Amino acid sequence: MSQANSGTNRDSANDRSTSAKARQVTAKVTAPASQAADKAAEKSGDVAAAARDAGERTAEAGSAVVRGTAERVQAGREAVVAASGQAVTLARTAWTAIAQRKLLAAGVGAGLSVLGATSYLAGHRAGRRTHGPITRLTGGRI
């Protein structure tokens with residue numbers, strides 16, 4: 001036979017062991033890189049979860065701040081409405097007093113006149129001496 005055909009009689013087990021050795025060496029060489037990639041993937045998952053949790057906490061804190069601000073704005077608005085209602089009531093009372101000033105002045109004047117007359121009569125009565133029944137009947141002549 002020719003030399004080209006002599007290669008067919010080679011042992012295939014030898015070829016298999018060489019390829020197995022090559023795979024083992026490749027696995028040994030790439031194992032640290034593979035482990036590092038696995039760890040990096042795991043850590044990136046942890047980092048992503050932590051970032052997601054931090055984002056959620058930040059969003060919750062932000063929404064709490066917004067809710068608190070909205071409640072304070074609502075309370076301020078209610079205080080302004082209440083104060084404006086009181087101001088309107090005061091203004092209406094003052095306007096009524098001004099519009100009815102003649103009646104108000106007449107009422108105050110009448111009240112002062114009654115008070116003066118009452119105090120005069122009470123003082124005049126207190127200054128009198130007491131008289132007996134005969135003196136009262138005769139008008140103080142006897």
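**Figure 1. Burial across the protein.** Of the 142 residues in this predicted model, 1% count as buried (under 20% relative accessible area; exposed is over 50% and partly exposed lies in between, with a 1.4 Å probe and protein chains only). The protein exposes about 12500 Å², of which carbon and sulfur atoms supply 62% (Shrake-Rupley method, 1.4 Å probe). Residues are numbered from 1 along each chain as its sequence is written. In this predicted model, local features need pLDDT of at least 70 and side-chain atom pairs count only at pLDDT 80 or more, while totals for chains, interfaces and linings use all residues; side-chain values use heavy atoms, without hydrogens and water.

Figure 2. Three helices and zero strands make up the secondary structure (DSSP runs: H or I of at least four residues, E of at least two). The average pLDDT, the predictor's confidence from 0 to 100, is 75, and 73% of the residues score at least 70.

Figure 3. Leu-104, Val-108, Leu-112 and Leu-115 make a nonpolar surface patch of about 410 Å² (residues over 30% relative accessible area and without a salt bridge, nonpolar side chains joined within 5 Å; a salt bridge is a Lys or Arg side-chain nitrogen within 4 Å of an Asp or Glu carboxyl oxygen). Val-108 sits in helix α2 (residues 101–127) and is partly exposed, at 49% relative accessible area.

Conventions
Patch = residues over 30% accessible without salt bridge, like charges linked within 9 Å, V, L, I, M, F, W, Y side chains within 5 Å.
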